[in-house]
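These notes are meant for a colleague who is opening this structure for the first time. Please keep the model in view while going through the numbered points.

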Amino acid sequence: MKVVVVESPAKAKTINKYLGSDFLVLASFGHIRDLPAKDGSVRPDEDFAMDWETDPKSERHIKEIAAAVKGAEKLFLATDPDREGEAISWHVKKVLEERKALKGVEVKRVVFHEITKTAVLDAMRHPRDIHQELVDAYLARRALDYLVGFTLSPVLWRKLPGSRSAGRVQSVALRLICQRESEIEAFKSQEYWSIAAEFQTPKGPVLTASLTHLDGKRLDKFDLPSQDAARAAETKAAAAVYSVAKVERKRAKRNPFPPFTTSTIQQEASRKLYFGAARTMQLAQRLYEGVDMGGETVGLITYMRTDGVQMAAEAIAAARDVIGQDFGKAYVPEAPRLYKTKAKNAQEAHEAIRPTDLARRPEDVARYLDKDQLRLYELIWKRTIASQMASAELDQVGVDISSADRQITFRATGSVVVFDGFMKVYREDRDDSEDEDAEKLLPDVGENDPMARRSLKADQHFTQPPPRFSEASLVKGMEELGIGRPSTYASILTVLQDRNYVRLDSRRFIPEDRGRLVTAFLESFFGRYVEYNFTAELENQLDDISGGRIDWKKVLEQFWSAFSGSVDETKDLRVTQVLDALDELLGPHFFPDDGSGHDPRVCPTCNAGRLSLKLGKFGAFIGCSTYPECRFTRPLTSGESAGDEETREGPKELGNDPTSGLPVTLRKGPYGHYVQLGDEATLKAAEPAPEPAPEPAPPAKGKKAAKPKVAKAPKPPKPKRVSLFRGLEPADVTLDIACQLLALPRDVGLHPETKLVIKAGVGKFGPYLMYDGGYKSLAKGDDVLSIGMNRAVELLAQPKGGRGAAAPLKTLGESEGKPVTMHEGKYGPYVSYNGVHATLPKGAVLDAVTLEAALELIKAKAAKGPAKPVKKAAAAKKAPAVKKAPAKKPAARKAKPKTAAE
């Protein structure tokens, strides 16, 4: 018997069908061990000795592999063909050696870049030993990440409360986002004008041209800086007579893009499909590991973690065949296109991401894939086919239209696709710019043709700040700077969002104030380690390790000697020093100058103190320098945040409530914006004075006078407050809207069947309907202020939420005639069968969950029985058992003998 170990059960299932009964294919379920998350797991003083800890979840899989290997003839380690895959194989071998399970067993490593029968069988015929240089590169990277994280993060926690963590690569990526935001804030918009004219040709068609020359001089972008300058130029242009001065025509070729790498597929999937990097890699993993196609499991694409753009010769030949069949011989170039990889490290420069069989067109596999899988496969197939197609040919035309004295010139440009070539199949999208491929057909004109001016228009423009990063542009920027490696980008972006350092808004990254604080701290005290060049050079050294060009421990020694010294320098760093540095760096962000001449740092409450950064138990905030005399504070929010006028200058008065006459204000608290009716002072003044306590009655003769009862001071009245629900922006809140909010809950009407009142209001969890003692949350798009009876009845008729009502994401199959389904629940995805619900493991790839895996989870869940009530179980666990003394029976009363004294 020969044993084969791979990472995932889906991959094991596919390969098992290819190898036959002489092989047993088992899955390690990813990494089986890692560095323990505690101090001392990597010890620089002991030549960088490392402790490894087996994941408890992996123990069952390890035992299964160890039992299968004992007595086996050979063990083939067939994990992924990259550094991480090599590391998993190394860990599996080491653990089995420690458990003495490999006695007399030959261990070999096999790699394949696509999961097809041909590729797998060919790999099994060419086994090799574990590649130690790749393992060394993994060890160095893992040690570096550990040393930075477990050394730098505690410094952050001590010096900057509220911070979560720092990382070798994530902190540099965060700096990119924060730096771009600072550029946007510092940007000063500049006005400029342009002039366009419509001209009619002698044959009748009209073309539009832009003014390029005035008074015989070429106009630069800002040569018309104001409306007055534009009007003056417009007046001159209107008085001239025009003809065609010059016509330029040239034929241009546009070449196709190379096939996908890990980085480019993440960028294009983000632009075209709106997939995040993590989602793209999940789908690609599923396509790589195999899809059931009519009883046969087939890997549809090659390995998706690669820096290479080259393709195998047989794949190129197959692509050329498909192009000839589907598009004609004109679209097949004379010679195959050969692309060269930019990866410095040949060990990791695998083949590009491509379909394993290019004759397998998207429409051929559509019925076997879900919607997102199909979209990604189609993107990969089109990009691969286009990379081997003929170049596109375009005619580019430029027409100069000048005045008779040649002092004024307008220019029109356009391009016409003469032969679409690869563009028939694929066009790459661009970040932050308009599509330059758009056709603009110009009418046919000749030199000296008279041109009749029909209209003249001056347009005002303002320069725009650099755009925020999208996932695509951030991945591109990180790759260009050499920060990290493409295979790690998805996890880096996820960590930044999980740590609440950044957020995605309209598919653009915006740094949170917490993220900006961490970046400013690192720039101030660990500047070298968040520099782009330093991080890129370290990545190059890691590549040199995997290429066998440098010793991995030497790299660690050089890094650690300088890094540990920098950490030691911060031990005596005072919090005031940290605050001063952050206050100086982030002052323009938190206290922007609005141009009014008002000092943005003057405290709005006392008008004497100076606002600055403060540190508290739960993190940083903005406070007044005259504390404790002035207790003004506000959360870390930019003074120019939209709708946050009340944050900068206190509550925003909207007017007086027409019913009570009390002031209505818009405010911001720790949980967001809200409207308030009155305040403590006005409500207290409006209250009637309390009646004096009655005089106590005179005491009876011989008794002490009773102490007069002191009336408790009444609690100060609390003003009514209502939070702004999601979707209602502070800037949109008027007095009318505020009064409607303060009047909630409101009566919607009587239910047409039960005649019970339906109310609408806003609570802790957002807008809701209240009916017959129950509550129903409003759906997205429903307005609590205007929802009517018909919609309310419709919502109330819908089943309540919860697992029983959740629509299935997909049906995995049937067991004993009953469906096994997958759902999205309140606490994450889960599988369901016959009334039993089992939560999927954290990090599970939904598309990789099979019917067998789901049934195994459900079986384990059913074996545990129903969940016990948490409170009772916890109370029983905490409360020590106390033995009660047995209750004594009441003794029968006996008559006491009277004493002489009685």
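1. Throughout this note, contact means heavy atoms within 4.5 Å. Leaving aside its neighbours within four places in sequence, Leu176 is in contact with Phe469, Leu474, Met478, Leu481, Ile483 and Tyr532. Leu176 belongs to helix H6 (residues 170-186), where helices (H or I, at least four residues) and strands (E, at least two) are DSSP runs, numbered from the N terminus. Leu176 counts as buried because its relative accessibility is 9%; buried means under 20% relative accessible area, exposed over 50% and partly exposed in between, with a 1.4 Å probe and protein chains only. Along the chain Leu176 and Phe469 are 293 residues apart, yet their C-alpha atoms are separated by 8.9 Å.

2. A word on the basis of these values: this is a predicted model, in which local features need pLDDT of at least 70 and side-chain atom pairs count only at pLDDT 80 or more, while totals for chains, interfaces and linings use all residues. Residues are numbered from 1 along each chain as its sequence is written, and side-chain values use heavy atoms, with hydrogens and water left out.

3. As for the whole protein, the secondary structure comes to 24 helices and 34 strands, and 44% of the 902 residues count as buried. Among contacts with a separation of 6 or more, 66% are between residues 24 or more positions apart.

4. Strand E1 (residues 2-6) runs parallel to E2 and is joined to it by 5 bridges. Val5 has Leu26 as its bridge partner in E2, and Val6 has Ala27. Strand E2 is mostly covered, with 4 of its 5 residues buried. The charged end of Lys2 sits over the ring of Phe23, 5.5 Å from its centre; this requires NZ of Lys or CZ of Arg within 6 Å of the ring centre and within 35 degrees of the ring normal.

5. Which residues touch the most other members of the largest nonpolar core? They are Leu75, Leu300 and Leu376, in a core of 159 residues, a nonpolar core being a set of buried Ala, Val, Leu, Ile, Met, Phe, Trp, Tyr and Cys residues joined through side-chain atoms within 4.5 Å. Helix H5 (residues 132-159) gives the most to this core, with 13 residues. Beyond its neighbours within four places in sequence, Leu75 is in contact with residues including Val3, Val5, Val69, Leu96 and Leu102.

Definitions and conventions. Pairing = 2+ DSSP bridges.
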